[in-house]
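I opened this notebook to record what I looked up in one structure, going from a single residue to the whole chain and then to its surface.

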Amino acid sequence: MFLINWEIKFWLILLINIINIINIIIYIQTYTYTFFFFIYSLFLFLILEFNLLTETIRFSVKLFLKKKKNMIILLLLIPLFGSLYISTISDNSITNQIKIKKIALNTAIINFIFSLYLWIAFDSSTSQYQFVYEFNQLSFCHFNLGIDGISLYFVLLTTFVTPIAILSNYNNIKNNLKFFLISFLLLETLQMGVFVVLDLFLFYIFFESVLPIFFIVILLYGSGENRIRSAYLLFLYTLAGSLFMLLAILQIYNYVGSTDFQLISLSEINLDSQKLLWLAFFLAFAVKTPLWPFTGWLFRAHADSPLAGSILLAATILKFSTYGILRVLINFLPDASNYFSPLVQTIAIITLLYASLVTIIQQDTKALIAYSSIAHMSIVTLGLFSNTIQGIEGAILLALAHGFVSPALFICVGGIIYERTGTRIINYIRGLVSYMPVFTILFFIFTLANTGIPLSLNFLGEQLSLIGIWDRSPIISAFGATGIVLSACYSIWLYNRVSYGVSSPNLKPVKDISRRELYLLIILLLPTVLFGILPNIILSSLHMSVTSLIFNIIPFL
């Protein structure tokens, strides 16, 4: 960083803001202003102090947000700005390591605050895409962004979970810290890209773009002995499945002449073609969910990845398939989705029973939570293919609830317990209540939420999903309800073995949770309970978008 006295800094700020105002007065095009904003911020990153940067760009942010379509661009750029600034700082000293950790955390929190503003400004009375931004000035690049009631909450979940992921490994990453933080800021932008792009080819690019970064994160920061194998399984499983999706996208482009979401939704594709396209897309989404028989990669990736990686994998990356089913299969290929619904429901029930039974016999705590995630995502799949408003809304609620509860459980078993005991084997961990009473209370609350107890968002999601599928197939719904019983079995048994019983002779006296860990669990607990008691906060914005998936809504003129 260059040393510049305050007088020169003042004149630099004044000059840049004058140029900024002139640009807006003469009505520079939106894409040009975005580029100017990027160059302007890059200059400030390289010249000025970070706290001074916050003050100097405040005016530009206000002007930038006057056009609502710029809000999504800002959400995508903020993590990139943060990672760019971190890349200019060396992490050789402890002081610099503390500094870049604060910058990464503050960047993620700022992005979450902006996403809340997006939520407040969202109009829930329409099913149309909002905050639409379109860049089509180049013949080879059509960058189209927007959100509706469905994608809104996945964007909010991404910005909510990213600071938690960074904070979860706040103290135990020492080597290559800068690359670690930059990776998770880049992952935030790439994950949001999946939920906001309105072009099928761009959807594929963002869908796959998280793989190389996550692959490297597991290799460099994973804790398991088999992390190399786990990283390759994650990469190869998901990449192989997505190749069929790429072929389907190319075929859709051949049919329609475009990969734009709105143009595809207005096109008529015959049933035979829909069936082939549907199978290609479903294979990619089944691997990412995952559904049986593609479950082998997930528990290994969870077990061998760092805690922050497990949090993102459970909370948001698994939701790519949920969003893809809603946005692509149900929206663009409705006849094929209805035709293959019995097949999907059967696969989901097999996945539910298989994952639940395997979960009961697990001895590794992270693998156990990973298999429970598979069981919960199978219920989400049942709700998505119920072809009812209740079922689809319940599936979305359960996906969001899983994004809160599953990361909390990973923090409990893969963070708090593992950091104190040095093991994830359940037989070596007993009697924690004697040393960690506060932790066992919070662990018990999240264990109950994982079972779908009333007053939790999990309960509403599971009930609505099963009610929705009951209208179509009571037998499938009855089999799906067994997941509630099995979930209670493996969740309560895990809690009982870890928290109670005679203290393990291999367990030394350990400290209760720290203030940072307490904040992490409380932050995840609040939305789980709040939305479980007041679900209409979410449902009011979902109704129009979900209804438009099933019914053709004619606007009242």
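**Entry 1: a serine in a helix**

I looked up S373 and found it in helix α17, which spans residues 365–384; helices here are DSSP runs of H or I with at least four residues, strands are runs of E with at least two, and both are numbered from the N terminus. I note that this is a predicted model, in which local features need pLDDT of at least 70 and side-chain atom pairs count only at pLDDT 80 or more, while totals for chains, interfaces and linings use all residues. Residues are numbered from 1 along each chain as its sequence is written, and side-chain values use heavy atoms, with hydrogens and water left out.

Setting aside neighbours within four places in sequence, I listed H402, S406 and F410 as its contacts, a contact being heavy atoms within 4.5 Å.

**Entry 2: the chain and its cores**

I recorded 23 helices and two strands for the chain, and 59% of its 557 residues count as buried. Among contacts with a separation of 6 or more, 80% join residues 24 or more positions apart.

I then turned to the nonpolar cores, which are sets of buried Ala, Val, Leu, Ile, Met, Phe, Trp, Tyr and Cys residues joined through side-chain atoms within 4.5 Å. The largest holds 176 residues, of which L200, F203 and F281 touch the most other members. Helix α18 (residues 389–421) gives the most to this core, with 17 residues. Another core, of six residues, lies apart from it and includes A348, L382, I469 and I476.

**Entry 3: cysteines**

How many disulfides does the structure hold? I found zero, taking a disulfide as a pair of cysteine sulfur atoms within 2.5 Å.

**Entry 4: a surface patch**

I noted a nonpolar surface patch of about 500 Å², made by L455, V529, L530, I533, L534 and I537. Helix α22 (residues 515–533) gives the most to the patch, with three residues. I533 lies in this helix α22 and, at 48% relative accessibility, counts as partly exposed. For the patch I used residues with over 30% relative accessible area and no salt bridge, with like charges joined within 9 Å and nonpolar side chains (Val, Leu, Ile, Met, Phe, Trp, Tyr) within 5 Å. A salt bridge is a side-chain nitrogen of Lys or Arg within 4 Å of a carboxyl oxygen of Asp or Glu, and accessible areas come from the Shrake-Rupley method with a 1.4 Å probe, where for residues only the protein chains shown count as cover.

How values were computed: Buried < 20%, exposed > 50% of the residue type's maximum accessible area, 1.4 Å probe, protein only.
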